[in-house]
Each structure stands twice: as C-alpha cells, then as structure tokens.
Amino acid sequence: MPSSASPSTHRVTGSEPVGPYTLLRLERGGLDPGNPGQFFMLEAPGRLLPRPFSLCLAPPGELAFLVDPIGPGTEALCGLGTGDEIAVLGPLGCGYRLDVDRPLLVGGGIGIAPLPYLAEKLGGSPPVVLGFRTEEHAEAAALLPGAEVAVDPVVVTELIGPGFDVMACGPEPMLHAVAALCPTAQLAWEAPMACGYGACYGCVVEIDGALKRLCLEGPVLDAHRLNGHVRYLVPAESAGAVSR
Ligand SMILES: Cc1cc2nc3c(=O)[nH]c(=O)nc-3n(C[C@H](O)[C@H](O)[C@H](O)COP(=O)(O)OP(=O)(O)OC[C@H]3O[C@@H](n4cnc5c(N)ncnc54)[C@H](O)[C@@H]3O)c2cc1C
Ligand code: FES
C-alpha cells in the first residue's frame, strides 16, 4: 500500500499505437516504479473512478502503460495526448517474486503488459512465450524481442516446456490452463478494482479458501492460492457498472 492514498498529477509524455493497444507514457515525477506485477490506478478522463494498470516499462523519468481500449475508461486513456495531465496512484499490490531459478514469462493478449518490466528486472533475457487472438494483436510482441509467439488457434500453453518457474499474466481461462500445467506458477489475476488500496472491497475474490481483497493480496498469487478459480463477491458486470 502507498504511504498515502493521494494520487499525484503527471503529464503525458507520449502515446503510441502498439497493434490495437496504446502505449501511454507519463512523466514519472516522484513515483517509484515498484516491483513488476504491481499496478497503478490511472485517472480515466471523464470517469468517476480510476482504473488499474500494470506498469509495462520504466524508462528513465517515465512510467509507461500498455492500454487495451475495451470500454469508456480505457478508450479515454488511449485518447490522451502529449501534455495532458492525469492523476496516478501507486505502485500498489504485490508483484512477482523475482527469486526464481529458471523463469519463463507467459503472456496472453493484454497480459503482455507487465512482462517487459518483469524481463528487465529479472536481468538478462528470460525466455518469453506469448499468445494472441490475431496477427494485429501479436504486433505487441515487439515489446519483448526474442519472444516465441502463438496466434489462435494455437494456444500459448503449447509453448510451455517442463522445468520452468512460470510467471504469467493473461485472461482467466489461460491462467487456469497454466495453473493446471504448472502448479507452482505465479499468476497475475484481475478483478474489477475501484480504489486499489483496500478501501472499497470491490475486488474481493476467494483466496486460500476465504474472501480477500485481491488488490492487497495480489494481483500476483501463487497458483494454488486461488484453488483453481476466481469467485467475485460482486459480479464483474455490477462492479463495472458501479465504476462508471
Ligand atoms: C491489477 C490489474 C492490472 C491491470 N492491468 C492492465 C493493463 O496493464 N492494461 C490494460 O489494458 N488493462 C489492465 N487491466 C484491466 C483494466 O483495468 C480494465 O480493462 C479497465 O479498468 C476497464 O475500464 P473501462 O472503463 O475501459 O471498461 P469497463 O466498462 O469498466 O469494463 C468493460 C468490461 O470489462 C469488465 N471489467 C473491467 N475491469 C475488469 C477486471 N479488472 N476484471 C474483470 N472484468 C473487468 C467490466 O465488468 C465490463 O464488462 C488491469 C486490471 C487489474 C485489476
Ligand atoms: S480495489 Fe478497493 S478494496 Fe481492492
């Protein structure tokens, strides 16, 4: 949790398309980039509540986020231009443990977002496998040069060899498939989040058999802690409606 839940204001330094996604660059100011897999709440222009995003890249003086425009908040963020200002809070939550012997980074779709910063923090060039729905989405693989890429109907789990310490982020069905293959994997889960620091209980899911706030316990969790499923206290649709 940050020392205070007050966001700070940051200027947009650039916004560039990466396939169908947008890489949004912000002036870093005094913010710590945190650990890979942690997230930041970004103000979505014209929306009541901020939205959670994993840090994608931490170039000197900047924080960069890869945004998939799937709804009003993400579309507004993709529409920001250089010089615009937004409020940012973070880093929040718990990221990946980096004390692994044989890392393999696994991403599905926009789940690629935290992996470039994770690869940088692991040092060297860890192996990476990525899965995308279309060739256009697969253009985002350019953020991780050397990655092996699967495009539908080939699924990314077909690229996972034995003996790796898997660190994954992607859609829920992919995370379940990865957990079944690699029970010791670290997985970045998602739930609708309205505050990001434990105040709203909008992100409660079943963790270790009890209802807990994903924004504090995760979003990265060892595979066994979800017992193979995510169960929202508030259905995702209702939480999405509240967040407008
Ligand atoms: C920890 C974390 C990190 C994230 N990192 C990224 C990232 O790096 N890049 C990125 O593009 N997106 C990321 N997301 C997802 C992103 O926050 C949502 O896509 C965004 O909040 C949607 O806002 P919207 O207003 O565009 O759409 P909304 O209208 O709010 O949502 C569109 C639909 O998606 C559902 N939905 C929204 N958010 C979630 C969620 N988190 N889980 C399940 N269903 C949801 C809604 O119920 C609705 O049906 C992350 C989410 C979390 C929790
Ligand atoms: S997002 Fe508010 S408690 Fe987790």
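**Entry 1: a pair of strands**

I started at histidine 10 and looked for its bridge partner, which turned out to be isoleucine 86 in strand 6. This is a predicted model, so I kept an eye on confidence throughout. Strand 1, residues 8-18, and strand 6, residues 85-92, run antiparallel and are joined by 4 bridges.

**Entry 2: strand 4, side by side**

I stayed with strand 4 and checked which way its residues point. Arg51 and Phe53 point one way, while Pro52 and Ser54 point the other way. Are these residues buried or exposed? I found that all are buried.

The partner of strand 4 is strand 3, and the two pair in the antiparallel sense over 4 bridges. One pair I wrote down was phenylalanine 40 with its bridge partner in strand 4, phenylalanine 53.

I looked up the confidence next. The protein chain has a mean pLDDT of 91, and 91% of its residues reach 70 or more. Residues 232-244 are the stretch I marked with a pencil, with a pLDDT below 50. Beyond near neighbours in sequence, this stretch still has 17 contacts in the model.

**Entry 3: the whole chain**

I then stepped back to the whole protein chain. I counted 6 helices and 14 strands in its secondary structure. Its radius of gyration is 17 Å, close to the 18 Å that the globule rule gives for 244 residues, so the chain is as compact as a globular protein of that length. Along the principal axes, the C-alpha atoms fill a box of roughly 45 × 40 × 35 Å.

How much of the chain is buried? I noted that buried residues make up 45% of the 244 residues. I also looked at contacts between residues at least 6 apart in sequence, and 63% of them join residues at least 24 apart.

**Entry 4: two domains**

The chain is divided into domain 1, residues 8-92, and domain 2, residues 103-236. Their C-alpha centres lie 19 Å apart. Across the boundary, 19 residues of domain 1 are in contact with 22 residues of domain 2. I wanted to know which elements give two or more residues to the side of domain 1 that touches domain 2. They are strand 3 (39-42), strand 4 and strand 6.

I moved on to an open sheet of 6 strands with mixed pairing, in the order 9-8-7-10-11-14. Strand 9 (148-151) and strand 14 (220-222) stand at its edges, each with a single partner strand, so one side of each is left without a neighbour in the sheet. Here the twist averages 20° from one strand to the next.

Inside this sheet I checked strand 7 and strand 8, which pair in the parallel sense over 4 bridges. Glycine 107 has leucine 130 of strand 8 as its bridge partner. Helix 2 packs on the sheet and touches strand 7, strand 8 and strand 10, and its direction makes about 170° with that of strand 7.

**Entry 5: helix 2**

Which residues of helix 2 are buried? In this helix, residues 115-122, I listed Leu115, Pro116, Tyr117, Leu118 and Ala119. These buried residues pack against strand 7 (103-108), strand 8 (128-132) and strand 10 (165-169). Helix 2 is followed by glycine 123, and I noted its positive phi, near 75°.

**Entry 6: valine 151**

My last stop was valine 151, which lies in strand 9. Why does valine 151 count as partly exposed? I found 17 other C-beta atoms within 10 Å of valine 151, whereas a buried residue needs 20 or more and an exposed one has 12 or fewer.

Leaving out residues up to four places away in sequence, valine 151 touches Phe132, Thr134, Glu135 and Ala138.

Methods: Residues are numbered from 1 along each chain as its sequence is written. Chains are lettered from A and ligands numbered from 1 in the order in which they are written. This is a predicted model: local features need pLDDT of at least 70, side-chain atom pairs count only at pLDDT 80 or more; totals for chains, interfaces and linings use all residues. pLDDT is the predictor's confidence in each residue, from 0 to 100. Two residues are in contact if their C-beta atoms, placed from the backbone, lie within 7 Å. The radius of gyration is taken over C-alpha atoms; the globule rule is 2.2 Å times the number of residues to the power 0.38. Two strands pair if DSSP finds at least two bridges between them. Axes are lines fitted to C-alpha atoms, for helices over the stretch in contact, and angles run from 0 to 180 degrees between N-to-C directions. Domain bounds come from an automatic or database domain assignment.
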